[in-house]
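Here are a few notes to read alongside the model.

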Amino acid sequence: MSDITAKWIVRDGIGGQSGYRLTRASATLTKPNDAYAHLEATIPGTPVPVDGKNDPNALPWVWFSPSSVEGGSISISIMQSGDKHDGWGRRFDPTKCFFLAIPDVLQAYPSYVSLYIGDGGAGKTVLPTPNNGPAMLNLDPLDTAAIAGRDDLTRLAAIASLLLTGAVSLTASAFQKTSERAEHLDAIAAMLPFGFRVDLAAASWMMGDNTNFRLSFGAIPRNDRISVDWDKREQPELTEGLARDYFDRLSLLFKPLGPAKVLEHLAQDRQPR
């Protein structure tokens, strides 16, 4: 496990009709307004009322995004259901956002799951911290052996290959826990060098028209990106080009070396892409 210091902000409503705002921020954050602008730009949609916790649209949502905050960082944001409402009865859903220095992330190479819901992850970190100091995240490295044991590696490799040429939306109507979606995002990204994550924006759920995300789950196919039916275990077809070349090379390496060895090699390749 690795300890990573993270600066943070909280977005929430304060009641009445004033809407969302930056309510708390790490004292060590140089430009909290820039951090808040980053968070606002990456929010993957506006939550809608759901019938229950088993609705696929239900919160929490988690997303990961590259950021220019603090000279370059990777952010993890978590939106949760709130208990406050504005003057029209609309619920405020607070979001906490953490900013991790890129060199720290590359050295620790944590999984999305660990960043989100690990024992020392962002999801279990209480904000504000004492004296608004930086948060300390204790993170597990990416578990490539567990991913190598999945039964859908060919499909994962095909989806990952498409990320080299554009954005991919994973269409899902069946309910899954946010942590399970984070596991799938991990497994797809693990088919690429870990350094690719420095510039990979990924979301556990997206409802709006935000074009910042390269990999996301959502309820309906999107016209601005390649859509893959996740529930039906669809494997996308790859035409000639970069995506096909990468997929073929990865498949070729899986046969003599085995997935575990290949995925571990990719995890150790941490040159930012």
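1. Let us begin with Arg233: it counts as partly exposed, at 47% relative accessibility. Buried here means under 20% relative accessible area, exposed means over 50%, and partly exposed is in between, with a 1.4 Å probe and protein chains only. Arg233 is not a glycine, yet its phi is positive, at about 55 degrees. The residue sits in the loop between strand S12 (226–229) and H7. Helices (H or I, at least four residues) and strands (E, at least two) are DSSP runs, numbered from the N terminus.

2. A word on the basis of these notes. This is a predicted model, in which local features need pLDDT of at least 70 and side-chain atom pairs count only at pLDDT 80 or more, while totals for chains, interfaces and linings use all residues. Residues are numbered from 1 along each chain as its sequence is written, and side-chain values use heavy atoms, with hydrogens and water left out.

3. Gln235 also belongs to the loop between S12 and H7. At 39% relative accessibility, Gln235 is partly exposed. What does Gln235 contact, leaving aside its neighbours within four places in sequence? Its partners are Thr154, Arg155, Ala158 and Phe247, where contact means heavy atoms within 4.5 Å. Gln235 and Asp152 are 83 residues apart along the chain, and their C-alpha atoms are separated by 9.3 Å.

4. Next, please look at the pair H5 and H7. Two packed helices are described by the angle between their axes and the distance between the axes. The axes of helix H5 (residues 153–162) and helix H7 (residues 242–257) come within 8 Å and cross at roughly 145 degrees. Axes are lines fitted to C-alpha atoms, for helices over the stretch in contact, and angles run from 0 to 180 degrees between N-to-C directions. H5 contributes Thr154, Ala157, Ala158, Ser161 and Leu162 to the contact, and H7 contributes Ala243, Tyr246, Phe247 and Leu250. By class, that makes 7 nonpolar, 2 polar and no charged residues. In this scheme Ala, Val, Leu, Ile, Met, Phe, Trp, Tyr, Cys and Pro count as nonpolar, Asp, Glu, Lys and Arg as charged, and the others, Gly among them, as polar.

5. Now to empty space. Rolling a probe the size of a water molecule over the atoms shows where empty space is left. How many cavities of 30 Å³ or more does a search of the whole structure find? The search finds 1, and about 110 Å³ of space lies in the largest cavity. A cavity is a set of points, on a 1 Å grid over the protein atoms alone, where a 1.4 Å probe fits but cannot get out; lining residues have an atom within 4 Å of a point. Grid points are joined across faces, edges and corners, and a volume is the space filled by probe spheres set on the points.

6. The lining of the largest cavity has 15 residues, and Phe64, Ile74, Tyr112, Leu115 and Arg197 lie nearest its centre. Strand S3 (61–67), strand S4 (73–79) and helix H3 (112–117) are the elements that give two or more residues to this lining. By class, the lining has 12 nonpolar, 2 polar and 1 charged residues.

7. Arg197 deserves a look of its own. This residue lies in the loop between helix H6 (178–189) and strand S10 (202–203). Is Arg197 buried or exposed? Arg197 counts as buried because its relative accessibility is 6%. Beyond its neighbours within four places in sequence, Arg197 is in contact with Ile74, Pro110, Ser111, Tyr112, Leu142, Asp186, Ala189 and Ala190.

8. Some backbone geometry to check by eye. Leu59 and Pro60 are joined by a cis peptide bond, with omega about 10 degrees; Pro60 is in the loop between helix H1 (32–42) and S3. Leu127 and Pro128 are also joined by a cis peptide bond, with omega about 5 degrees, and Pro128 lies in the loop between H3 and strand S8 (135–139). Tyr109, a residue other than glycine, has a positive phi near 35 degrees. Tyr109 is in the loop between helix H2 (102–108) and H3, and is buried, with a relative accessible area of 15%.

Definitions and conventions:
On a 1 Å grid over the protein atoms alone, a cavity is a set of points where a 1.4 Å probe fits but cannot get out, and a pocket is an open set with protein on both sides within 12 Å along at least five of seven lines; lining residues have an atom within 4 Å of a point.
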